[in-house]
Amino acid sequence: MTKPFGGVINLDIRDSKADWSPYIAKQAPEGAPNVLVVLYDDTGIAAWSPYGGRIQMPTMQKLADNGLTYAQWHTTALCSPTRSCFLTGRNHHQNGFASISESSTGFPGYNSHIPPECASMATVLRKEGWSTFWVGKNHNVPIDEWHSGASRERWPLGQGFDRFYGFIGGETNQWFPDLAEDNRYVDQPYLPDAGYHLSKDLADQAMGMIRDTKQSAPNKPWYLWFCPGANHAPHHAPQEYIDKYKGVFDDGYEAYREWVVPRMIEKGILPEGTEITPINPMTPGTFSEGDKVIPWAELTDDEKRLFSRMAEVYAGFSEYTDAQVGRIIDYLEESGQLENTIVIYAADNGASGEGSPYGSVNEGKFFNSYPDTIDENLRMIDELGGQNTYGHYPTGWAMGFSAPLRMFKRYSYQGGVADPLVISWPKGMANRGQVRDQYHHVTDIVPTILDCCGVEMPEVVNGAKQVPLPGVSMRYTFDAADAPTTKKVQYFEMLGTRAIWQDGWKAVAEHGPMPSAIGHFDQDRWQLFHLESDRSEAHDLAEEHPEKLAALKAVWLEEAEKYNVLPLIDLGFMEFLSGGYEFSVPVPPSGQYVYYPGTSEIPERSAANTHAVSFKILADVETTGDTEGVIMGQGSRFGGQSMFVKDGTINYVLNFLGVPPEQILTAAMPAPGHHIFGLDFAKERRGEYGEWYGTAKLYVDDQVVAEQEIRTMTGHYALCGEGLCIGYDSADPVSKAYGHGFNFTGGTINKVVFDVADDAYIDVEKHLWAAGSRD
């Protein structure tokens, strides 16, 4: 109860007096603002038009004209960690989010379980009288709690949000997303042929939630966290938005840097004299080869054409999503809510270099350490942005869209951590259309919102004593353009990269992030930059100021010990997967997992592992003459496996990273009745990139009906989503042989058994694989 019962209780209600006040929810202060946070993914500071870039963002520009643009606002360099800071106001290691949920490990700063001592802002605001909504990407559910049998304590509704609609994990297909609503997984409401795109769906859901609360509680303020899939891969956009950018990036990423920096200076984003850093600024051997940039002049004409098109798709994706945000802003304006709504429009980390030097038509290859080829990418150039690609631009555009800064996402250099931010609050800002140059960090967002809402972070939330907020409110910048920065110190650490900022100076260890697998952190060379005079980190002053560098390194270590930063992790993907660091469900003593129809999909990391192991799939099925459909499906056309019945045949397909042709075993269906359909894969040899080759045998009962060599994927079918389904194939289908909604009919699936007993406990081989990945 919010306060003690003040009525009178006697034997008879006629002699008693009721008191509702302890039970009625607390009301927000009179005139309290709404809060709308729009949080994009993977966007460099030089990409968007309000910052001088070529990607047109009219909604963001409208908010900038009616608010403030921040030139020195910083993130953690990766999505889950930054988003955890938005959630709680604490540093990412305090939240257990040193990295993304998918690569969490069992250490205090790395486990992806936000502790109760770091309560969410939504929990606080809801207790103070706000409605709270989360729409879009949720990259802060622990990997071990994605499945339907898990606790919902760390899903949005358990983190203080009244409603949730979006997707769980780092990314999803924008045409065929894996969706969740509140505490359960759901199907998308309609298909792309009927006009579906996730950004549009999310905007519809967001406006619906606000309308619902305003209908019954018109004076109640709301907090909405709106997190579109943009601009994370896959880059998917309507064709008309892609076509708007035809030819816009034909001059290449190096020319783009030369073009954009003067415009950034003109807008006040960068100081006069800011220099452009080299396209490959790090010493060879200190970072992953996959993060290199190929000079534009060294590309063939076909490669230039391909890379330009990839940038066009990215730009179209970004602007289309901005248009959907614009629909929300228009609704707020028309309904009279915008004047007293704090809008925070930002991105969670720098531009992404996960597309490799040559770009990708399937970003899943990056997470499987499998290279893209120009020939394959060129074959798909006209499909980019559509349903048949899962694309990502090359590292050159990550560098270009981060101009003039060093590196990009995942790095603690400015290219990874300096991000766009616009704040608009017409009722609470006297100054509009100006740039603010004070140094700030994502941990300052929660204190800013609480300050504007007139709410303090409680000392105790739900019985847990709260750790103090490390950030500072930015509200002082609203009406004081020249006020000195109140931020004093901020550490950075991401996937083994690290840096420290203090009073305008920044020290950075020259050490690339995962998947570099460099190690030897104690041998790293540290660089020193004076950001007040060198915003792009162009000049290393380490030799000129060794005392300053030594002092900053000592401060970094103090912060690291204070905030659970250690141990440092920069493992390569194969080393991470094979070394026992990744979360996975325990293998049953029998080596068997039993699954049943009529159930929701099982996230891949909670399902039987069929990567880099020998395995069997046994489907216990009753068939008729009309049997058809998917028996089991896992993954998508960009990587997955499926067993299905179609046109009188039983089939097993393993789609290897979407690389054609699909590997398919097929045979005639037996006579109707009770049957066991089986797939037996026996691994035999490794390929050049760690993939396993072996013999796959398709069984009907005890007879081998088809046999061939196939290769299996090394990492995962998908970074997230696209889980194991029995009797259907969720979201994007695995095989081109069937379409959406190809559910099992005309028979009965009794159960499906996955058996990995022959490969469940081969510890010696795991260690050999880990060692091999370091060679």
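D372 is buried, with a relative accessible area of 15%; here buried means under 20% relative accessible area, exposed over 50%, and partly exposed in between, using a 1.4 Å probe and protein chains only. This residue forms a salt bridge with K365, and the closest N and O atoms of the pair are 3.5 Å apart. A salt bridge is a side-chain nitrogen of Lys or Arg within 4 Å of a carboxyl oxygen of Asp or Glu.

The structure is a predicted model, in which local features need pLDDT of at least 70 and side-chain atom pairs count only at pLDDT 80 or more, while totals for chains, interfaces and linings use all residues. Residues are numbered from 1 along each chain as its sequence is written, and side-chain values use heavy atoms, with hydrogens and water left out.

With these ground rules in place, the whole chain can be described. Its secondary structure comes to 14 helices and 28 strands, where helices (H or I, at least four residues) and strands (E, at least two) are DSSP runs numbered from the N terminus. The chain has a radius of gyration of 27 Å, close to the 28 Å given by the globule rule for 775 residues, so it is as compact as a globular protein of that length. The radius is taken over C-alpha atoms, and the rule is 2.2 Å times the number of residues to the power 0.38. Along its principal axes, the C-alpha trace spans about 85 × 80 × 50 Å. Of the 775 residues, 62% count as buried. Contact means heavy atoms within 4.5 Å; among contacts between residues at least 6 apart in sequence, 74% join residues at least 24 apart.

Salt bridges can now be followed through the fold. Side chains of opposite charge can pair when their charged atoms come close. A search of the whole structure finds 34 salt bridges. One of them links the side chains of K409 and D42, at 3.1 Å from N to O. K409 lies in the loop between helix 9 (395-400) and helix 10 (414-417), and D42 in the loop between strand 1 (34-40) and helix 1 (58-65), so the pair ties together parts that are 367 residues apart in sequence. Both K409 and D42 are buried. Another salt bridge joins the side chains of E145 and R154, at 3.3 Å from N to O, and E145 and R154 are buried as well.

The buried residues are I445, V446, P447, T448, I449, L450, C452 and C453.

Finally, I279 shows how a loop residue can meet several parts of the chain. I279 is found in the loop between helix 6 (253-267) and helix 7 (301-334), and it is buried, with a relative accessible area of 16%. Leaving aside neighbours within four places in sequence, I279 is in contact with E254, R257, V293, P295 and M399. I279 and G396 are 117 residues apart in sequence, yet 7.9 Å apart in space, C-alpha to C-alpha.
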